[in-house]
Amino acid sequence: MKNGLQQLFDNLSKSGGVLRRHEPLSRWTSWRVGGPADLFYQPENAEQLLSALKQAVRCGQPWTVIGAGSNLLVRDGGIRGLVIQTRRLDGLQIGADGHVVAECGLWLPLLVRRCVASGLAGLEELAGIPGTVGGALVTNAGAHGRSIGDCLRQVDLFNAGRCETWSAAEVGCVYRGSNIGPGQLVLRVALQLQQGERTQLQNRVDALLTARRRSQAVGGANAGSVFKNPPGEAAWKLIDAAGLRGLAVGPAQVSPRHANFIVNRGGAGAGQILELIGLVREKVRTCCGVELETEVKVVGEDNPDRPAEE
Ligand SMILES: Cc1cc2nc3c(=O)[nH]c(=O)nc-3n(C[C@H](O)[C@H](O)[C@H](O)COP(=O)(O)OP(=O)(O)OC[C@H]3O[C@@H](n4cnc5c(N)ncnc54)[C@H](O)[C@@H]3O)c2cc1C
C-alpha cells in the first residue's frame, strides 16, 4: 500500500508541470535559507494548479503556496507535504478601460512596467517590489503610502476545496495584510487602474527605482523589511534607537545600512535569522517599550539537527 506522499508524487508526475522531491527551498527564497519541501511543484497553468490542490487533499497531504519567496522565512526543517510555486502562472490582460487581470505568479515589477507602458496609473509606487502578484496581494504589498489593495476590484481564489470570487471588501486589505491566509490560494487578481500620461508615469517609476536602489543596497540576501511599522512609528528608527545596527547571530546580521533589514552574509540558517529576530524584538521592547511584529511570514518546521547556534 503506497503512502499518501508517494501516491501524490505518482499522480502529479502524470499531470505536467515541474515536480521535484526534497527540493531545498533555500533555492526559492530571497533570504537563501530554508530546508526541503517533501514535494515541490510548479504547475504550468491554472488547471494543473487546481488539480494538484485537489489531489493533495485526496492523498491527505498538507499544501503550501509560495510565490517568489521574497517575504518568506522557511525554517531549516523545510515544509511537509506539497509546496506549490506559482511563477509559471503569469498571464496578464490589460483592457483599454483600465481593467487589468493578472495571474497569481506574474512578477509584480513586470505588471507595473506593462501597466505604465499602457498609460495606466495606480501601480507606480509599487515599482521595484520583488514578488509575484499573489504574494503581493496576500501581504498587501506597497510603498510610499500606496498598496496593491488600493486598486483591487476582485480576486479569484481557491478556498475550502472550491474556487470562489471575493470582492475587494471581502479580501479586506490592511497595512501589510489581508483576510487571505493559509488554506487559501489566490489564482488571479482583477485591478482597476486610471488613465495616465505615459511619460509622467515612467518618470515617477524611474525616480522611485533610483531611490530604492540607493536605500536598499544592503549587500546580502534579504527579505526586505523584517518588521511592520508599529502605528505612528518606524520600525527602523526603533531598532536604531536600541543600538542594534550590525548585531549578528552567525552570518545573519541586522544590516548596518538599513536597520529593518536582516542580511544573510552567506550560509545563515533560518534558526539563526529567527534567533536574531527574537533578540531585536526583546531589545526594542526593553529599550522602547514597543512590541515589534514581523512583516515576513515564517513557515515550515525546525530542524533539530541544525540548532540555531551551530
Ligand atoms: C529587497 C526587497 C525589498 C522589498 N520591498 C518591499 C516594499 O517596498 N513593500 C512591500 O510591501 N514589500 C516589500 N518586500 C517584500 C516582498 O517583496 C513582498 O511582500 C512581496 O509582495 C512578496 O511576494 P512573493 O511572491 O515573494 O511572496 P512569498 O514571499 O512567496 O509569500 C508571501 C506570503 O504570501 C503567500 N502567498 C504567495 N503566493 C500566494 C498565492 N498565490 N495565494 C495565496 N497565498 C500566497 C505565501 O504563502 C506567504 O505566506 C521587499 C522584499 C525584498 C527582498
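The paragraphs below lead through the domains, sheets and helices of this predicted model.

Because the model is predicted, local features are taken only where pLDDT is at least 70 and side-chain atom pairs count only at pLDDT 80 or more, whereas totals for chains, interfaces and linings use all residues. Residues are numbered from 1 along each chain as its sequence is written, and side-chain values use heavy atoms, with hydrogens and water left out.

The domain assignment divides the protein into domain 1 (4-85), domain 2 (92-214) and domain 3 (235-299), the bounds coming from an automatic or database domain assignment. The centres of domain 1 and domain 3, taken over C-alpha atoms, are separated by 29 Å, and 10 residues of domain 1 are in contact with 14 residues of domain 3, where contact means heavy atoms within 4.5 Å. Between these two domains an area of about 1,200 Å² is buried, and carbon and sulfur atoms give 62% of that area; buried area is the accessible area (1.4 Å probe) that two parts lose on being put together, summed over both. On the side of domain 1, W31, N71 and L73 lose the most area to domain 3, and together they make up 55% of what that side buries.

An open sheet of 5 strands has the order β6-β7-β13-β11-β12, with antiparallel pairing. Strands (E, at least two residues) and helices (H or I, at least four) are DSSP runs numbered from the N terminus, and two strands pair if DSSP finds at least two bridges between them. At the edges of the sheet stand β6 (92-94) and β12 (162-167), each with a single partner strand, so one side of each is left without a neighbour in the sheet. From one strand to the next the twist averages 15°, with angles running from 0 to 180 degrees between N-to-C directions and axes being lines fitted to C-alpha atoms, for helices over the stretch in contact.

β7 in turn pairs with β13 in the antiparallel sense over 5 bridges, with R188 in β13 as the bridge partner of E103. At the other end of the order, β11 and β12 pair in the antiparallel sense over 6 bridges, and L157 stands opposite E164 in β12. These two strands form a hairpin with 2 residues between them, in whose turn A160 has a positive phi of about 50°.

Helix α3 (residues 108-117) lies across β6, β7 and β13 and runs at about 25° to β6. The axes of α3 and helix α6 (residues 198-215) come within 9 Å and cross at roughly 150°. That angle makes α3 roughly antiparallel to α6, since angles over 145 degrees count as roughly antiparallel, under 35 as roughly parallel, 65 to 115 as roughly perpendicular and the rest as oblique. V112, V116 and A117 of α3 make the contact with R198, L201, Q202 and V205 of α6.

A further open sheet has 3 strands in the order β15-β16-β17, with antiparallel pairing. Here β15 (248-249) and β17 (262-264) stand at the edges with a single partner strand each, so one side of each is left without a neighbour in the sheet. β15 pairs with β16 (residues 252-254) in the antiparallel sense over 2 bridges, and Q253 in β16 is the bridge partner of A248. Helix α8 (residues 270-288) lies across β15, β16 and β17, running at about 30° to β16.
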